[in-house]
Amino acid sequence: MILKSFIVFIFMALPVAAFAQDKNNEDQYLTTNRQLTLKSAYALAETARAKAAAMGKQVSIAILDQSGVTILITGGDGVGPHNTEAARRKAYTALSTKTATLTLARNAKMSGDSETYQS
(Lines give C-alpha, C1' and ligand atoms only; values in the text may rest on other atoms or scores of the structure.)
Protein backbone atom coordinates (compact mmCIF):
# COMPACT_ATOMS: atom_id res chain seq x y z
CA MET A 1 0.00 0.00 0.00
CA ILE A 2 2.81 2.43 0.80
CA LEU A 3 4.51 1.63 -2.51
CA LYS A 4 1.28 2.32 -4.46
CA SER A 5 0.86 5.65 -2.67
CA PHE A 6 4.44 6.57 -3.45
CA ILE A 7 4.01 5.74 -7.15
CA VAL A 8 0.81 7.76 -7.37
CA PHE A 9 2.55 10.68 -5.68
CA ILE A 10 5.42 10.56 -8.18
CA PHE A 11 3.05 10.50 -11.15
CA MET A 12 1.07 13.40 -9.73
CA ALA A 13 4.22 15.37 -8.93
CA LEU A 14 5.75 15.06 -12.41
CA PRO A 15 3.39 17.50 -14.18
CA VAL A 16 3.74 19.99 -11.33
CA ALA A 17 7.52 19.77 -11.58
CA ALA A 18 7.34 20.37 -15.33
CA PHE A 19 5.29 23.54 -14.79
CA ALA A 20 7.58 24.73 -12.01
CA GLN A 21 10.66 24.48 -14.25
CA ASP A 22 9.06 26.65 -16.94
CA LYS A 23 9.14 29.97 -15.02
CA ASN A 24 9.71 32.01 -18.19
CA ASN A 25 6.42 30.85 -19.68
CA GLU A 26 4.32 30.53 -16.53
CA ASP A 27 1.76 33.05 -17.87
CA GLN A 28 0.56 30.43 -20.33
CA TYR A 29 -0.55 28.30 -17.36
CA LEU A 30 -2.15 31.02 -15.25
CA THR A 31 -4.95 33.53 -15.63
CA THR A 32 -5.70 36.64 -13.65
CA ASN A 33 -9.27 37.14 -12.51
CA ARG A 34 -10.73 40.33 -11.18
CA GLN A 35 -13.05 39.75 -8.23
CA LEU A 36 -15.90 41.86 -6.96
CA THR A 37 -15.15 42.89 -3.39
CA LEU A 38 -17.61 42.33 -0.57
CA LYS A 39 -17.77 46.09 -0.04
CA SER A 40 -18.75 46.54 -3.70
CA ALA A 41 -21.33 43.74 -3.42
CA TYR A 42 -22.93 45.57 -0.47
CA ALA A 43 -23.02 48.83 -2.45
CA LEU A 44 -24.53 47.07 -5.46
CA ALA A 45 -27.17 45.40 -3.29
CA GLU A 46 -28.09 48.68 -1.63
CA THR A 47 -28.43 50.41 -5.02
CA ALA A 48 -30.68 47.60 -6.28
CA ARG A 49 -32.73 47.67 -3.06
CA ALA A 50 -33.19 51.45 -3.33
CA LYS A 51 -34.38 51.15 -6.95
CA ALA A 52 -36.84 48.42 -5.96
CA ALA A 53 -38.09 50.50 -3.00
CA ALA A 54 -38.67 53.44 -5.35
CA MET A 55 -40.99 51.11 -7.30
CA GLY A 56 -42.72 50.05 -4.07
CA LYS A 57 -41.14 46.57 -4.06
CA GLN A 58 -39.25 44.54 -1.47
CA VAL A 59 -36.75 42.18 -3.08
CA SER A 60 -34.27 39.44 -2.37
CA ILE A 61 -30.86 40.04 -3.92
CA ALA A 62 -28.15 37.52 -4.77
CA ILE A 63 -24.70 38.52 -5.96
CA LEU A 64 -22.40 35.78 -7.25
CA ASP A 65 -18.77 35.77 -8.29
CA GLN A 66 -17.72 34.72 -11.78
CA SER A 67 -17.55 31.08 -10.68
CA GLY A 68 -21.13 31.08 -9.43
CA VAL A 69 -20.21 31.19 -5.75
CA THR A 70 -22.46 33.42 -3.64
CA ILE A 71 -20.76 36.61 -2.44
CA LEU A 72 -23.84 38.16 -0.86
CA ILE A 73 -27.47 37.18 -0.52
CA THR A 74 -30.13 39.23 1.23
CA GLY A 75 -33.86 38.92 1.71
CA GLY A 76 -36.09 41.96 1.71
CA ASP A 77 -38.38 42.75 4.64
CA GLY A 78 -41.50 40.64 4.36
CA VAL A 79 -40.23 38.68 1.35
CA GLY A 80 -40.88 34.93 1.54
CA PRO A 81 -37.90 32.64 2.15
CA HIS A 82 -38.33 30.92 -1.21
CA ASN A 83 -37.51 34.22 -2.94
CA THR A 84 -33.98 34.24 -1.54
CA GLU A 85 -33.20 30.89 -3.16
CA ALA A 86 -34.99 31.98 -6.33
CA ALA A 87 -32.79 35.09 -6.47
CA ARG A 88 -29.66 32.94 -6.18
CA ARG A 89 -30.86 30.58 -8.91
CA LYS A 90 -31.80 33.46 -11.21
CA ALA A 91 -28.38 35.03 -10.70
CA TYR A 92 -26.69 31.69 -11.40
CA THR A 93 -28.74 31.18 -14.57
CA ALA A 94 -27.90 34.68 -15.79
CA LEU A 95 -24.22 34.01 -15.10
CA SER A 96 -24.07 30.55 -16.64
CA THR A 97 -25.98 31.56 -19.78
CA LYS A 98 -24.24 34.95 -19.99
CA THR A 99 -27.65 36.54 -20.36
CA ALA A 100 -29.09 39.38 -18.29
CA THR A 101 -31.97 38.40 -16.01
CA LEU A 102 -34.24 40.93 -17.74
CA THR A 103 -33.46 39.34 -21.12
CA LEU A 104 -34.19 35.88 -19.70
CA ALA A 105 -37.55 37.11 -18.38
CA ARG A 106 -38.46 38.71 -21.71
CA ASN A 107 -37.47 35.55 -23.60
CA ALA A 108 -39.55 33.40 -21.26
CA LYS A 109 -42.56 35.68 -21.70
CA MET A 110 -42.34 35.39 -25.50
CA SER A 111 -41.85 31.61 -25.43
CA GLY A 112 -44.86 29.41 -26.04
CA ASP A 113 -43.39 26.92 -23.57
CA SER A 114 -43.84 29.33 -20.68
CA GLU A 115 -47.52 30.10 -21.11
CA THR A 116 -49.53 30.47 -17.95
CA TYR A 117 -52.33 27.93 -17.76
CA GLN A 118 -55.40 28.65 -15.67
CA SER A 119 -57.33 25.80 -14.11
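**A predicted fold with one hairpin and a buried arginine**

Of the 119 residues in this protein, 14% count as buried, a term that here stands for under 20% relative accessible area with a 1.4 Å probe and protein chains only. The model is a predicted one, in which local features need pLDDT of at least 70 and side-chain atom pairs count only at pLDDT 80 or more, while totals for chains, interfaces and linings use all residues. Residues are numbered from 1 along each chain as its sequence is written, and side-chain values use heavy atoms, with hydrogens and water left out.

The secondary structure consists of four helices and two strands, taken as DSSP runs numbered from the N terminus (H or I of at least four residues for helices, E of at least two for strands). Along the sequence these elements follow the pattern α-α-β-β-α-α. Of the contacts between residues at least 6 apart in sequence, 38% join residues at least 24 apart, where contact means heavy atoms within 4.5 Å.

Strand 1, residues 61-64, pairs with strand 2, residues 70-74, in the antiparallel sense over four bridges, pairing being assigned if DSSP finds at least two bridges between two strands. Within this pairing A62 stands opposite I73 of strand 2, and among the five residues between the strands of the hairpin, G68 takes a positive phi near 90 degrees. Strand 1 is covered on both faces, with I61 and I63 buried on one side and A62 and L64 buried on the other.

Helix 2, residues 38-54, contains R49, which is buried yet has no salt bridge, the nearest side chain of opposite charge being that of E46 at 4.3 Å; a salt bridge would require a side-chain nitrogen of Lys or Arg within 4 Å of a carboxyl oxygen of Asp or Glu. The side chain of R49 is instead joined to that of T74 by a polar contact of 2.3 Å, that is, a pair of N or O atoms within 3.5 Å, of which one must be able to donate a hydrogen and the other to accept it. Beyond its neighbours within four places in sequence, R49 is in contact with V59, I61, T74, G75 and G76.

Note on methods: Buried < 20%, exposed > 50% of the residue type's maximum accessible area, 1.4 Å probe, protein only. Lys, Arg positive; Asp, Glu negative; His and termini not counted.
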